Amino acid sequence: MDFLEIKGPQKLHGKVAISGAKNAALPLLTLALLSRRPIKIDNVPNVADVRTLLQLLENLGAVQSFTENSATVDTNSVNSTCANYDIVRKMRASILTLGPLLTRFGHCEVSLPGGCAIGQRPIDLHLKALEIMGANIDIRQGYVIATAPNGLKGANIVFDKITVTGSENIIMAAALAHGTTVISNAAKEPEVVQLCEILNKSGVEIKGIGSAEIEIKGSGGRLLDIADFSVIADRIEAGTYLCAGAITNSEITLANVIPEHLKSLISKLNSMGFEISKTQNSITIKPCKKILSADIETLEYPGFPTDMQAQFMALCTQADGASVIDERLFENRFMHVSELSRMGANIKLTSHTATVYGPTKLTGADVMATDLRASSALVLAALVAEGTTRIHRIYHLDRGYENLEGKLSSLGAKIKRLSE
Ligand code: EPZ
């Protein structure tokens, strides 16, 4: 099993190129199921979750290739609509095949994704919406058995809660449905916006892109002509590197980013004393004399992203004073607290609030990654901790960060990937 060894404290310097967004690439790859011809997608991050989804599509009979961050998927040879447990359990976003498979083939069996470290992660809102669109949904032996023999029909969907993959599933289901679907309380994440933009360019008339109310005129079962496109930059990877610059109080520049997508994080870093300059596709963070504490409440986009909560908590260990972190989206997204505390952090927990008292001197330790973003928080803490940190179970990291040790090394970090 691989682990990362990081020696600190270590200042960073230079420039790092941000990869394509994992959480945009995943729904965009399942879009291939709606396409008449093979689709070609560039700037696809070479991360485990993407490789897992490509494997799932291949298991369904699709032909896929993935080299140099460019993926092509041809679903004309799909001969199965069963997404089985052994793949879905590895990557819950496999649930994104549900809407496309059902709307194209009229039936599918997709394993229930099950929970994960950060929470129960139900999909009840996905299923309820598909039933309103005319699907018959059964749950049997851990599988969603969905049928819509005459295809799905456009409907008015109101999501009780804002759900990113729920919105994406229904947008894709609606794209081939008969009639118009209106989704209210839809997610506004940039990844959802790019999915809508690609569909719109492929002849599916969509109104309200980027708003909470999206109207989709279905093609009535006609497959789409989807032109080649490139995945947007990963705003969470970018935010993680911004926090790496902040926690080591260094000057670094991020290239190939979309600053607009990081407004809530940049505003927080400004309030902590960091000077941040931007161009159209780059962000530079500069050191500050004293890192001030700051409070956050995680919210759906454009609020402070839950996927940046753990990384921000690591930074708050170096801030002067008490920082209150309120996790509003997931019921168990504080798994990183115990590991940060073992490195010397002073954090008090209640049910969904963590109060971080700083600045505290962190010291290197053997720590264990528990989920994707928690593991990146441990990397950030290790960069500023005195001594050597070894981070174990980094398969969590490999799910969502492309070449993390290579990128951090190029910024001057003392980081090595070793095997136990
Ligand atoms: C997406 O997950 C992201 N994953 C997550 O990123 C991210 O943390 C999350 O959105 C929130 O931004 C991908 O895009 C692949 P939700 P998703 O449905 O869609 C509740 C990462 O680190 N809910 O928006 O699964 C749910 O329990 C990952 O890259 C229901 O109750 O999240 C949660 O409390 C981690 N019923 C809230 O909604 C449902 O049917 C938001 O979940 C669906 C969701």
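Start at Arg 393. Arg 393 sits in the loop between strand E23 (387-392) and helix H13 (395-398). Helices (H or I, at least four residues) and strands (E, at least two) are DSSP runs, numbered from the N terminus. Arg 393 is not a glycine, yet its phi is positive, about 60°. On the cut-offs: buried means under 20% relative accessible area, exposed over 50%, and partly exposed in between (1.4 Å probe, protein chains only).

A word on the source. This is a predicted model, where local features need pLDDT of at least 70, side-chain atom pairs count only at pLDDT 80 or more, and totals for chains, interfaces and linings use all residues. Residues are numbered from 1 along each chain as its sequence is written, and side-chain values use heavy atoms, with hydrogens and water left out.

Now Asn 69. Asn 69 has a positive phi of about 60° and is not a glycine. Its loop runs between strand E4 (63-67) and strand E5 (70-74). With a relative accessible area of 28%, Asn 69 is partly exposed.

On to the peptide bonds. Where are the cis ones? One joins Gly 8 and Pro 9, with omega about -5°. Pro 9 is in the loop between strand E1 (2-8) and strand E2 (13-17). Another cis bond joins Gly 358 and Pro 359, with omega about -5°. Pro 359 falls in the loop between strand E21 (353-358) and strand E22 (366-368).

Why pick these out? Because most residues other than glycine have a negative phi, and most peptide bonds are trans.
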